[in-house]
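Here's a quick look at how a two-chain model is put together. Have the viewer open as you read.

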Amino acid sequence: MSPVPPEPERFRAQVAALQLALDGGDAAAFRHAFDALSEQMDSGLLPELKRLTATAQSALARFSAEARLDSLAGHEVPDARKRLTHVVKLTDEAAHRTMDLVDGCVPLVDEAARGSALLLETWDSYGDRDLAIASLWPERAAMFLERTRSDSEALRANLSELLMAQGYQDITGQIIRSVISLVDELERVLGKLVAIADGHEVTSVVRALPSQQDWQRGLGPQVAGLESADAVAGQDDIDALLSQMAAGK
Amino acid sequence: MSTVKFLVVDDFSTMRRIVKNLLQELGYNDITEADDGNTALPLLQAGSFDVLITDWNMPGMPGIDLLKAVRADAKLAKLPVLMLTAEAKREQIVEAVQAGASGYVIKPFTAVTLKEKLDKMLAARAAA
């Protein structure tokens, strides 16, 4: 005869008490024995149920984390590389634009310094002011002033352009921020996977975050190679869209 | 000289400085700055601004929500609002116009574009 399995054996005492109460018609004793039996059963089931739930939860968490990691590794990290490459390009262009404009200013300032030094020198060389005024000096001075005036306008234009060239900081800043939030998410997903691998209980599944924060909603600055099909090409497109909308009103 | 009162809203201080400098070049010297909608809205409600220039993408309250709040405020409903943003999605431009934006300038922009849109907005405001 095979040995009695331990599991049913655990209930022998409760079943006997139940039978006794049933035979004796003792309702209170029956209820008591029944409760004891059902408690005994629960105590065996509960840990098993817990274990199953934890396994399912961690499988779900792992699946969710792995799926997110797949998408991060497959799309968002390569996109981030393109974004950062675009940042390098924008900063490079802005730096060169700035230096070109400075280069454009230098000869203008040099010419103003040279011309005024020459005029002053000639002016000082005349002992007699009347003689200076009767000479070619006033004509040269007028030419110098005329030139300085137009050079100053060119300088002013260069300064405005220098200012505008700094707009790259806003654009690159927005792009870098989006990459930072991607790195944050990558860190979270990897941390979650490490926790699962280490056998820590995972209580919540990884949130499938959109790659941008809620407040960004939009696309942010357009990046070469990642242009959205739904994006306008530039100000002219916007102006056309706006007048189209105004006409449609 | 014109005494048009501007509020410039952008989370990047570099961009606020650029816009402020451009406005000064155009002869506008009354310029206040704010770094998002949450700081801008009380300023708008308290002050008598003539033009609002706002970015879209800002932490706290984004420009589109600021625009909607402005249009929902009876006192500010007619305020000219220029969106100055890198957001190039058609859907967003449409949303901004439907929410009552008076103009939309895409970053990076030129001084000429900004002047043109401002002139247009101020002319419309004068005509109204």
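## Ground rules

This is a predicted model, so local features need pLDDT of at least 70 and side-chain atom pairs count only at pLDDT 80 or more, while totals for chains, interfaces and linings use all residues. Residues are numbered from 1 along each chain as its sequence is written, and chains are lettered from A and ligands numbered from 1 in the order in which they are written.

## Chain B on its own

Chain B has 5 helices and 5 strands (DSSP runs, H or I of at least four residues for helices and E of at least two for strands, numbered from the N terminus). Along the sequence they run β-α-β-α-β-α-β-α-β-α.

Of its 128 residues, 45% are buried, meaning 20 or more other C-beta atoms, placed from the backbone, lie within 10 Å of a residue's own.

## Where B meets A

Here 28 residues of chain B are in contact with 27 residues of chain A (C-beta atoms, placed from the backbone, within 7 Å). On the chain B side, helix H1 (13–25), helix H4 (90–98), strand E5 (103–106) and helix H5 (111–127) each give two or more residues.

## A helix pair in chain A

Helix H3 (residues 27–125) and helix H6 (residues 168–197) of chain A pack at about 155°, axes 8 Å apart; axes are lines fitted to C-alpha atoms over the stretch in contact, and angles run from 0 to 180 degrees between N-to-C directions. H3(A) and H6(A) are therefore roughly antiparallel (over 145 degrees; under 35 is roughly parallel, 65 to 115 roughly perpendicular and the rest oblique).

Terms used: Two residues are in contact if their C-beta atoms, placed from the backbone, lie within 7 Å. A residue is buried if 20 or more other C-beta atoms lie within 10 Å of its own, exposed if 12 or fewer, and partly exposed in between; C-beta atoms are placed from the backbone.
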